[in-house]
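Below is a walk through one protein model, taken a few places at a time. Please keep the sequence and the 3D view open while reading.

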Amino acid sequence: MTLQDYIKVFRHRWIVIVLCAVIAAGVTWLVTPASADTTKKVGSYTATATILVGSTDPERTGNMGRIPLYMTTGEIPRRAAAVVGYEGDPARLAAGLTVTPDNAAEALTVSATASDGEEAAAVANAFATETVKFFKETSPPGAENTTLTILQPATPIPSTANDGGFVVPPGRGPRTAIATLLGLLVGMGLALLLDRLDSRLRSRSEIGDALSMPIIAEVPRLKRSQRNRNSIAVVEDPLNLYSDAYRAARTALSHTAGQVMPSDYTPRRSTVEPRRSASSARLVLITSAHAAEGKTTSVANLAASFAETGQKVLVVDADLRSPDVHNVFDVPQGAGISDYLSDPGGTSLETVVRPTSVPGVRIITAGTVLTHPASLASRMGGLLEEAREMADVVLIDTAPLLEASDVFDILPMVDTILLVVRSGRLTEPDGNRVAELVGRFQVPVSGVILVGAKARRGDAYGYGYGETRKAKKKVKRERKLAEKRGPVAPATPSTSSRPTTGPAEETRSRDAVGTADPTTTVDPVLGVDDDDVEPDSRRTRRRASSL
């Protein structure tokens, strides 16, 4: 993974990282006492007794080398063990003793170390006392003239525990800061682990690679306040990025040819019925891999985007297992596909076609007889061929590809397929399976609409189409100016002062006006967008020059 991949993972899993850091900081803050204990912790105690070494012969000094030997072996350790009540081997007790001779000062230091200070002092004093007695009572070989005197008895002195490593600061603040840093590191590790375990696809490149299909539109993720299941954004808020994404999908469907997915599967039937060119996209099947990916919402917004260009749109709710598109258009269920297919001779298709709340869009609902949806889907060929003649564009809402078999009976009848994928719902194996199934039927695919994509800051541009604060203010300002100016009466210049235009130019002019985006506000005098309106003085001069 590159550095950019790591940053992407951390940005996506930032909640996990922050949560780990907050938990670590909170626990440390609660466990650490408010008043720090600055006293040094005692690891052990060391007691040292000092013995002066003398001699009965003024001409000779005491043998400093023999005294430590007698003190740690033989009779003296047994006597010292009996004094302190040590029941083990006296040699083990003597092994913990440290005897240090000082030849220049003619003295010995006897040190004992223990976790209990009184025990350490008792051992050191016992060895010192018994050594003095031993040399006074006997004359050991090599130290016949040596005399010993205790200069200072042993006193326990605490020694602080210091391992030489990192020492945790005692204060609550420093410990909490260290715990927060460790929590961040643990959170980053957990984020990387979750990313490895999570096989869901989120980015444009991941989804495109898994499906081997082009992404023709990216619908941004809406805010919670803007989410309304039964609303059509293209109609209610035509200037936002959400609506513009569906217009991009509409353009791709209208002006680009679908591609046939590669597949090694060979159909049994050698003759394939001729299909209408995919570039016209007369009969468009819209589906998804799983449920709740935004398929029905995409159908409604695409229908509204086609209708705003002046085309007649017919929506066919072929999701016979879970019909829902009629709710988006505020149309009651009533008679529909199932009723027509159940009695094709007694009911005409025109009787089940109903208008919707969107001008230019009509709908055929799923109907009321939905007992056997699979058998109904296999009989929809004649219905779809008849539906071709009722509108310019026919949008078919079907069941998800990987959750119902109904859609496979409709696939060979359509001109092109449009797949809807929600970011974070599709996995790589499911994407490969969808590409394989679509490739088997050799139906042209127009592409994928990616729903829930993260909007980038640069996606909003400021001529009334973006969602930037500057664009919103500009729209409000232009509306206020339009209200103040009031309706502008069109000029009626004499025909003699205008140059004569030919039929071809008039046709091009009518085509340009007829194909204009209905969301664009056109000045009735100048024929330009309100955003390009010049000041009054310049507009007056321009109008005078045109006359």
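**Contacts, a helix face and salt bridges**

Apart from neighbours within four places in sequence, V260 is in contact with Q442, V443 and P444. The model is a predicted one. V260 belongs to strand β7, which covers residues 259-260.

The next stop is helix α4. This helix spans residues 75-84, and its buried residues are I76, P77, A80 and A81. Viewed down the axis of α4, these buried residues fall within an arc of 135°, so they line one face of the helix. An α-helix has 3.6 residues a turn, so residues three or four places apart point the same way. The cover over the buried residues of α4 includes α3 (66-72), α5 (90-95) and α6 (117-137). A82 and V83, on the other side of α4, are exposed. Just after the helix, G85 has a positive phi of about 75°.

Salt bridges come next. Side chains of opposite charge can pair when their charged atoms come close. The whole structure holds 14 salt bridges. E75, R78, R79 and E137 are joined in a network of them.

In another pair, D319 bridges to K295, with the closest N and O atoms 3.6 Å apart. This pair links distant parts of the chain, 24 residues apart: D319 is in the loop between β9 (313-317) and α12 (325-328), and K295 is in helix α11 (residues 295-307). D319 is buried, at 6% relative accessible area, and K295 is buried as well, at 8%.

D415 forms a salt bridge with R388, and here the closest N and O atoms are 2.9 Å apart. D415 lies in the loop between α16 (406-410) and β13 (416-422), while R388 lies in helix α15 (residues 381-388), so the pair ties together parts that are 27 residues apart in sequence. D415 has 0% relative accessibility and counts as buried; R388 is buried at 6%.

What separates R440 and E436 along helix α17? They are four residues apart in this helix (residues 428-441), which means a separation of about one helical turn. R440 and E436 form a salt bridge, the closest N and O atoms being 3.5 Å apart. R440 is partly exposed at 33% relative accessibility, and E436 is partly exposed at 36% relative accessible area.

Notes. Residues numbered from 1 in each chain as written. Predicted model: local features only at pLDDT ≥ 70, side-chain atom pairs only at ≥ 80, totals over all residues. Heavy atoms only, no water. Buried < 20%, exposed > 50% of the residue type's maximum accessible area, 1.4 Å probe, protein only. Helix = DSSP H or I, 4+ residues; strand = E, 2+ residues; numbered from the N terminus. Arc of directions from axis to C-beta. Contact = heavy atoms within 4.5 Å. Salt bridge = Lys/Arg side-chain N within 4 Å of Asp/Glu carboxyl O.
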